Amino acid sequence: MAFEPKEPQKKLKYKELRIYSDEELNNYTEEELKDFKCKHDIPDLDELEKGPWPSFVADAKREALHRRKLAEDRMMVGRDVVEDLMGILQLSFDHGETHWKHGGIVGVFGYGGGVIGRYSDVPEQFPSIVHFHTLRVNQPNSKFYNTDYLRTLCDLWEYRGSGMLNMHGSTGDIIFLGTTTEQLEPVFYELGHVLQQDLGGSGSNLRTPSCCLGKARCEWSCIDTQDMCYELTHFYQDELHRPAFPYKFKFKFDGCPNGCVASIARADMSFIGTWKDNIRIDQEAVQAYIGGELKPNAGAHSGRDWGKFDIQKEVINLCPTKCMWMEDGKLMIDNKECVRCMHCINVMPRALRPGSDTGCSILCGGKAPILEGAQMSMLTIPFMKCEPPYDNIKDVVDKIWDWWMEEGRNRERLGELIQRHGVPKFLEILDIPPMPQMVTEPRSNPYIFWKEEDVEGGWKRSIEDYRARHKR
Amino acid sequence: MALSTEKLGRYNPDKPMENRITDLGPRHFWQYFPPIIQKNYGKWLYHEILESGVLVHVSETGDKVYTIRCGGCRFMTVQNIREICEIADKHCDGYVRFTTRNNIEFMVDTPEKMEALKKDLMSRKHVSGSYKFPIGGTGAGVTNIVHTQGYIHCHTPATDASSMVKAVMDDLFDYFQGMTLPAQVRVSMACCLNMCGAVHCSDIALLGYHRKPPIVDDEVLGGVCEIPLVIASCPTGAISPSKTEDGKKTVKIKEERCMFCGNCYTMCSAVPLTDKEGDGVTILAGGKISNRITTPKFSKVVVPFLPNNFPRFPEVCDTVKRIVEAYAADANKYERLGDWAERIGWEKFFEKCDIPFTEHLIDDYRLSYDTYRTSTQFKYTEAAWEVSRAAGGIE
């Protein structure tokens, strides 16, 4: 099978698009790099070059040297941006305080997000990073790349920006770190016209959705994470670029309950792949695990000698609902008692596979602590078929947004609105009935907000009738 | 159309709307899948971790894809990406992938190519000695730390991110390269409790924290901030309207009510919180997001404050290592850090990790009652004897 893009995709060939020649790209020697000294004194950063883990300082010095040796007219922002950034970082270590000012209203015409204004509060000391704005570039879903695309991006960002970036930011975007106000529109223009590539979200709008690698290279994914993510990102471009929400809103797509993109913890709407039929069992492979011919856990625990694999102890006894047992040498599962936690499948991937009648669970309201404390997403819709163009899912999204945009206070996330108005109100908005699966246990206080229509005869009563029965 | 080199490129500031393209969205993912990934999409049968950082996925077509996972820095330069491209061109037909946790994955289709790639990756070091592409981060070990911007590019941090991550990963490097732990340990880092890194469900979370209430810049506040918004932004209602002696509108802060969340500063630049002595690191532990065996959990605050001792944060590194080592020595196979702490009891967690329990660790925010222990089931540790002694219950 193959998935089709919304718009035909321009084939990007680096050799046709590039700015820098090979000579320019390889313009310093290893000796020069060893001798490189930053123009600022940066003892704490130098210290961070030691140790085995990749040093971001060592990397920064490469770019600093590379820029020093490029011709003056081969970059549109200051030559010293990397050295000044290292300098300001050292100054922040010295002071124990950041030196980036608060915000700044910059952006590209017509968008309310995608660019974050950033100014230094020590402009004289570090003149090349006085403006140092961020652009968020919407990553291809699940972050596979080819080198034509990446190299073209590098040339663009070295020419019109600092040459420093994040691969990737927490939400998933490629983050371009640092350029001048003047270069924001040119970068956006080149991204759109040459790379057919858009910015991501920031501010009170839909943030760039992200997903796990799904069926591209995982046998457990129950949904086409990339396709869902791509479709919803494209469908909701207006909401992504033009802030009209009370606060940020995040979609994340996990292919299975292992949750590799942490959607439960950090998405207002978490879409998590699941199944509603039976776990597929290959009994011969079960025997091969028991007999020691297959490595349990796909080798994930092989760094330590944990002894011989014991299916009773390691799988059956750890099953959270105790719905597995051995019978006549066969592994049995009572699937209606299974909560699809993935443990048995993780331990014996060659013997057990998720079912084949798949879809997603939708959980709502996850967020980090600001303002009312951290929340995880709440199980809202147990199972949803996921087929393009995902109209059933868009319907749910639209209902939630209509309510949240109407009722949400400034900077109130969906999870906080659900708490403030109560889950029953949320279910009414979604037009779905309640189910015990939405809670870990029923309430222990009896303070029920009965509605008038719930109560026989309504609430309108006459005090005279009451007094006819009860004297004052 | 090649990338432009004119100062403003093809953009014409006099006619900003001319030829403007918007709402393109991300590029389509399919073209970036290597041919073997396209061919076997949705057909993968199983995978195996051959050694730390090296995976093979086997398809029902019989195809195998070998993946090598390398630790990387979230902050990188175009020079680093070009080197990644050089490797991808040399070994992987020009394809490469990044993971959610800032790792880099190179994929090849034969064991021979995989061996050559491995050798190449481990041979690449920065001139100052650190690995450029260390292989690891799979299975029951520590993988890369997801983190936030810190002093590199943020206006609200209470600590730095890239430096702390570098220091902690240097210390945990053996765990990155090995799969010797009872289960995976996910370490995450956020520089303030805005938590753009959403670290609140991690096995170990490192969190920058302020401890001094905002300083009010009375001279400018009325001019640069919406006073009602600043007042409304405070979750504890500690901010109220005020006037300076010369009659300027400003706000005042009931300092004893401040919980140092910094939400007011997000709304208003005239109430900065940051301070060298006030700022530092909080450590949380025992969270997870996977649904495996037990349900997802929040991380719990286990160390209220450690100083920002730049650039290597020795107190933070030492605490993280103590927690990981106590967990490695004591937890059962498959038990995540939080599951272990719950099984042995949090009182034993503090004892085994040699971490003092202070009053700051007892919740006194809203709904704190949920965390009170309303049972006679507990274990005796030194902390318990101290209470009994203090209350006159024992000698």
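In the predicted model, five strands of chain A form an open sheet with the order β6-β7-β8-β13-β14, and the pairing within this sheet is mixed. Its edges are formed by β6 (210-211) and β14 (378-384) of chain A, each of which pairs on one side only. Helix α9 of chain A, covering residues 225-235, packs on the sheet through contacts with β6 and β7 (251-254) of chain A, and the direction of this helix makes about 165 degrees with that of β7(A). A further helix of chain A, α15 (residues 391-407), lies across β7, β8 (269-275), β13 and β14 of chain A, where it runs at about 150 degrees to β8(A). Within the sheet, strand β13 of chain A (residues 358-364) is joined to β14(A) by four bridges in the antiparallel sense, and in this pairing A:C360 stands opposite A:M384 of β14(A).

The loop between β13 and β14 of chain A contains A:Q375. The relative accessible area of A:Q375 is 11%, which is under the 20% limit, and the residue is therefore classed as buried. When residues up to four places away in sequence are left aside, A:Q375 touches A:A265, A:G365, A:G366, A:K367, A:G415, A:E416 and A:Q419, together with B:H200 and B:F298 of chain B.

Elsewhere in chain A, helix α8 (residues 181-193) is largely enclosed by the rest of the structure, because eleven of its 13 residues are buried. The buried residues of α8(A) are A:Q183, A:L184, A:E185, A:P186, A:V187, A:F188, A:Y189, A:E190, A:L191, A:G192 and A:H193. The elements that cover these residues of α8(A) include the strands β1 (115-116), β2 (134-137) and β5 (174-177) as well as helix α7 (147-160), which belong to chain A.

For chain A as a whole, the model contains 18 helices and 14 strands, and the C-alpha trace spans about 90 × 75 × 50 Å along its principal axes. Of the 472 residues in chain A, 60% are buried. Among the contacts in chain A with a separation of 6 or more, 66% are accounted for by residues 24 or more positions apart.

In chain B, strand β3 (residues 64-70) is mostly covered, with six of its seven residues buried. Strand β2 of chain B (residues 54-59) runs antiparallel to β3(B) and is joined to β3(B) by five bridges, with B:V56 standing opposite B:Y66 of β3(B). The hairpin formed by β2(B) and β3(B) has four residues between the strands, and B:G62 adopts a positive phi near 95 degrees in this hairpin. Strand β3(B) also pairs with strand β6 of chain B (residues 104-108), again in the antiparallel sense and over five bridges, and B:I68 has B:F106 of β6(B) as its bridge partner.

The crossing of α4(B) past α9(B) is right-handed. On the side of α4(B) the contact is made by B:M164, B:A167, B:V168 and B:D171, and on the side of α9(B) by B:V316, B:C317, B:V320 and B:K321. Classified by residue type, this contact of α4(B) with α9(B) comprises six nonpolar and two charged residues, with no polar residues.

In the other crossing, the axes of α9(B) and helix α10 of chain B (residues 337-344) come within 11 Å and cross at roughly 70 degrees, so that α9(B) and α10(B) are roughly perpendicular to each other. Here α9(B) passes α10(B) in a left-handed crossing. The residues B:I323, B:A326, B:Y327 and B:D330 of α9(B) meet B:L337, B:W340, B:R343 and B:I344 of α10(B), and the contact of α9(B) with α10(B) has six nonpolar, no polar and two charged residues by class.

Technical notes:
Residues numbered from 1 in each chain as written. Chains lettered and ligands numbered in written order. Predicted model: local features only at pLDDT ≥ 70, side-chain atom pairs only at ≥ 80, totals over all residues. Heavy atoms only, no water. Pairing = 2+ DSSP bridges. Helix = DSSP H or I, 4+ residues; strand = E, 2+ residues; numbered from the N terminus. Contact = heavy atoms within 4.5 Å. Axes fitted to C-alpha atoms, helices over the stretch in contact; angles between N-to-C directions. Left-handed = near helix turned anticlockwise from the far one by under 90°. Nonpolar A, V, L, I, M, F, W, Y, C, P; charged D, E, K, R; others polar. Buried < 20%, exposed > 50% of the residue type's maximum accessible area, 1.4 Å probe, protein only. Parallel < 35°, antiparallel > 145°, perpendicular 65-115°, else oblique.
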